[in-house]
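Please examine the protein shown below, with its sequence at hand. The paragraphs after it are meant to be read alongside the model.

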Amino acid sequence: MKQSSLSIKKSHRQFLLGFAFASPFIIGFLFLTVIPFLQSLYYSFTDYDVFSAPEWIGLENYQKIFHDENFYKALSNTFYMAFINVPISLFLSLLIALLLNIKVKGIAFYRTLYYIPTVVPGIAMSILWLWILNPDIGILNTMLRALNLPDPAWLIDPDFTKPSLIIMGLFGTGGGALIYLAALQGIPKEFYEAASMDGAGWLQKFRYIVLPALSPITLFLLIMGLIGAFQIFTEAFILSGATLGGPDQSMLFYAVYLYNEAFVNLNMGYASALAWILFIIVMIITIVIFKTSLRWVYYGGE
């Protein structure tokens with residue numbers, strides 16, 4: 001009986017010790033995530049400007065959203081980046097990973113070289129690309145003119161602002177390539193050997209071995225890429241300069257518009273409603289991807 005009591009006290013002490021070590025995360029998650037999350041839901045039903053108490057207005061903010069032209073403009077720009085930029089980024093990441101998987105001299109240097117841009121801060125990267133994409137003195141247009149090719153006004157012409165962001169985003173595909181590379185190196189060599197014995201060429205090996213083996217990674221990168229695309233802010237905010245959304249609002253993305261409503265116009269209630277609409281859109285898209293992934297994602301043992 002005494003031994004059982006000591007065991008209970010020891011377990012209780014270990015629990016308290018574990019809770020003490022976990023408490024910084026628990027407190028941070030509670031006060032920096034859960035409570036603001038619930039507060040934003042409440043504010044979305046109020047008229048709130050930070051300096052005065054929130055005034056309950058029901059569904060007015062949500063009704064206003066669906067009559068707001070800027071909302072549809074921001075949503076269409078964001079969808080453009082999500083459904084054009086993300087597939088291009090995935091394809092390029094896979095292509096780079098396949099190249100980096102080749103055994104050549106100095107391959108470690110090339111892997112490091114491709115990964116370095118992903119650790120550059122977004123603000124520094126945006127300022128760098130402001131110079132690269134400068135229509136007059138930028139290195140990109142200088143090279144295009146030297147080749148007698150058209151030199152667009154990248155960040156001035158509304159037709160080229162989003163392609164500019166796509167080009168800029170592709171500069172940081174090394175992170176996805178590194179994940180793909182790790183998955184490629186985890187594919188058993190026996191699969192390739194068995195396919196070779198059956199007379200399969202490189203295209204058949206890629207289609208029936210590589211793509212199915214990489215499908216869980218593709219699912220992960222697709223979801224994370226789409227979530228990131230719906231939250232694009234830093235690059236668009238810096239590249240658009242003093243004009244909100246850039247020329248003809250071609251860089252007015254959802255997060256930029258939300259920021260403007262919240263911290264420039266101080267429409268915190270309306271901004272909270274915008275945030276919840278974004279949350280619902282991302283959640284629906286994620287659920288659809290997970291549902292459809294049952295048809296094209298293959299896990300070990302399947």
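The model is a predicted one, in which local features need pLDDT of at least 70, side-chain atom pairs count only at pLDDT 80 or more, and totals for chains, interfaces and linings use all residues. Residues are numbered from 1 along each chain as its sequence is written, and side-chain values use heavy atoms, with hydrogens and water left out.

Helix α12 spans residues 254-264; helices here are DSSP runs of H or I with at least four residues, numbered from the N terminus. This helix is mostly covered, since eight of its eleven residues are buried. Buried stands for a relative accessible area under 20%, exposed for over 50%, and partly exposed for values in between, with a 1.4 Å probe and protein chains only. The buried positions of α12 are Y254, A255, V256, Y257, L258, N260, E261 and A262. Their cover includes α3 (69-100), α10 (202-230), α11 (234-239) and α13 (268-292). Just after α12, L266 adopts a positive phi of about 60°.

S250 counts as buried because its relative accessible area is 3%. Apart from neighbours within four places in sequence, S250 is in contact (heavy atoms within 4.5 Å) with N77, P158, T161, K162 and G245.

Helix α10 holds two further residues of interest. One of them, A229, lies in α10 and is buried because its relative accessibility is 9%. Leaving aside neighbours within four places in sequence, A229 is in contact with T78, M81, A82 and V86. The C-alpha atoms of A229 and F51 are separated by 32 Å, and the two residues are 178 residues apart along the chain. K205 also belongs to α10. Its C-alpha atom is 6.8 Å from that of A195, ten residues away along the chain. With neighbours within four places in sequence set aside, the contacts of K205 are Y192, A195, S196, A200 and V210.

How many salt bridges does a search of the whole structure find? The search finds one, where a salt bridge is a side-chain nitrogen of Lys or Arg within 4 Å of a carboxyl oxygen of Asp or Glu. R145 and D151 form a salt bridge, and their closest N and O atoms are 2.8 Å apart. R145 is partly exposed because its relative accessibility is 34%, and D151 is partly exposed because its relative accessible area is 34%.

The surface also carries patches, which are made of residues with over 30% relative accessible area and no salt bridge; like charges are joined within 9 Å, and nonpolar side chains (Val, Leu, Ile, Met, Phe, Trp, Tyr) within 5 Å. A nonpolar patch of about 900 Å² is made by F91, L95, L99, I102, V104, F109, Y110, L113 and Y114. Two or more of these residues come from each of α3 and α4 (107-115), and α4 gives the most, with four residues. F109 lies in α4 and is exposed because its relative accessible area is 55%.

A negative patch is formed by D47, D49, E55 and E60; Asp and Glu count as negative, Lys and Arg as positive, and His and the chain ends are not counted. E60 is part of helix α2 (residues 60-65) and is partly exposed because its relative accessible area is 46%.

Definitions and conventions
Areas by Shrake-Rupley, 256 points an atom, 1.4 Å probe, with all protein chains shown as cover. Charge placed at Lys NZ, Arg CZ, Asp CG, Glu CD.
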